[in-house]
Amino acid sequence: MKIYAYEVREDERRAFARIGAELGAELALDTAAPTLENAESVRGCEGVTMLGQGKISQELLEKYRELGIRCISTRTIGYNHIDIAAAKELGIRVCNSNYAPNGVADFTVMMILMCLRNYKQAMWRGYVNDFSLGGLEGREMRSLTIGIMGTGRIGLQVLKNLQGFGCHLLAYDVYQNEATARVAQYVSLDEFYRECDIISLHMPLLSSTKHIINAESIAKMKDGVILVNCARGELMDSEALVEGIESMKIGALGMDTLEGEEGIIHRDRRTDIIANRNWFYLHQFRNVIMTQHMAFYTEEAVESMVRCGVEGILQMAESGDCPTMLTR
Ligand code: NAD
């Protein structure tokens, strides 16, 4: 079976070659994002796989259908770039990818520690041979209460990772689960905000979670609270973050994702003028650590994303289903 792979990154090529050979799939690899203009390239293929930069609209799906495409996979967990309802209507099967929560969970613990030990400032000083200690005093995890908001796959893994540090662990979720209750104490949202020294976000972006961290919720938190966001930028109102950092209500921010990151992250924008004031204003603070939406990015996750992308299409074509199918 022939599959057309869009948005192929250099680091995915090895996995594509190995997995394609293992599963007996013929692969056409392309670095471009899928568009209506380049849709003709998929002629002769039965499946198409992509990442998240292209918009898989009804019009593009109709074109794919006309060209003989029966199955589509996105090598991402998120699938809001695909019109799933239109795919269903057209009889095109769609699946997403899956990877273990450990990569993001490990990264989150690193962010927490970097914030807690003023590591950004220490690193800056090292570049200019400033080996002074002033202002770098940190805190120990065992003295602190850490709260995980959103106790799904990643949130739970962060809690498990944190167990060895001896900190007091609190949890908040709209749906509680037993596995979390075994390692942390669920509390009400008000108590959560009041008691946590560090809060890490792990819920999806929904209309109910957009800007859940805002001026009002920040006001309920401890002075000097450390906020970590390795989930989605829009969970936090960046205006409120600026105010919180300026007023020193927020002690440190660790962000792998920030509101308005689209078009900035995963690209080399060194010579460009970038219009995202809050991003770049926040970026300059000694106590704000920002990374380029890379918490997921491990060898293991890339392997899993490519495997789901290829295997999902083959399984859907053969049996009409696969474990991550979205068009049931
Ligand atoms: P999941 O679906 O397993 O868990 C999400 C949890 O959030 C669920 O338990 C859900 O009940 C909870 N939740 C929903 N609304 C809530 C609310 N208002 N308050 C508190 N909790 C709420 O998802 P997951 O696999 O753990 O992933 C979590 C998020 O991490 C994803 O949605 C994604 O946005 C983000 N993510 C980021 C990266 C990265 O590279 N930075 C990679 C993967 C995932």
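So, helix H2, residues 58-66: its buried residues are Leu60, Leu61 and Tyr64. If you look down the axis of H2, those buried residues fall within an arc of 100 degrees, so they line one face of the helix. The arc, by the way, is taken from the directions from the helix axis to the C-beta atoms. Buried here means under 20% relative accessible area, exposed means over 50%, and partly exposed is in between, with a 1.4 Å probe and protein chains only. Helices (H or I, at least four residues) and strands (E, at least two) are DSSP runs, numbered from the N terminus.

Quick housekeeping. This is a predicted model, where local features need pLDDT of at least 70 and side-chain atom pairs count only at pLDDT 80 or more, while totals for chains, interfaces and linings use all residues. Residues are numbered from 1 along each chain as its sequence is written, and side-chain values use heavy atoms, with hydrogens and water left out.

Back to H2. What do its buried residues pack against? They pack against strand S3 (47-50), strand S4 (71-74) and helix H3 (84-90), with contact meaning heavy atoms within 4.5 Å. On the face turned away from the buried side, H2 carries the exposed residues Glu59 and Glu66. Just after H2, Gly68 takes a positive phi of about 100 degrees.

On a 1 Å grid over the protein atoms alone, a cavity is a set of points where a 1.4 Å probe fits but cannot get out, and a pocket is an open set with protein on both sides within 12 Å along at least five of seven lines; lining residues have an atom within 4 Å of a point. Points are joined across faces, edges and corners, and a volume is the space filled by probe spheres set on them.

There's one cavity of 30 Å³ or more, and the largest cavity holds about 50 Å³ of space. Its lining includes Met114, Asn118, Arg286 and Ile289. The elements giving two or more residues to that lining are helix H4 (102-116), helix H5 (119-127) and strand S12 (288-290).

Asn118 is worth a stop. This residue sits in the loop between H4 and H5 and has a positive phi of about 50 degrees although it is not a glycine. Buried or exposed? Asn118 is buried, with a relative accessible area of 17%. Asn129 also has a positive phi, near 55 degrees, and is found in the loop between H5 and strand S6 (145-149). Asn129, though, is exposed, at 58% relative accessible area.

Next, the second largest pocket, with a volume of about 290 Å³. It's lined by 16 residues, and Leu116, Arg139, Gly224, Ile226 and Gly251 lie nearest its centre. H4, strand S10 (225-229) and strand S11 (250-255) each give two or more residues to this lining.

Asp197 is in the loop between helix H8 (189-195) and strand S9 (198-201), and at 15% relative accessibility it counts as buried. A polar atom of the Asp197 side chain lies 2.7 Å from the backbone nitrogen of Thr145.

That's my tour, happy to take questions.

Definitions and conventions. Polar contact = N/O pair within 3.5 Å; in protein donor to acceptor, adjacent residues only side chain to side chain.
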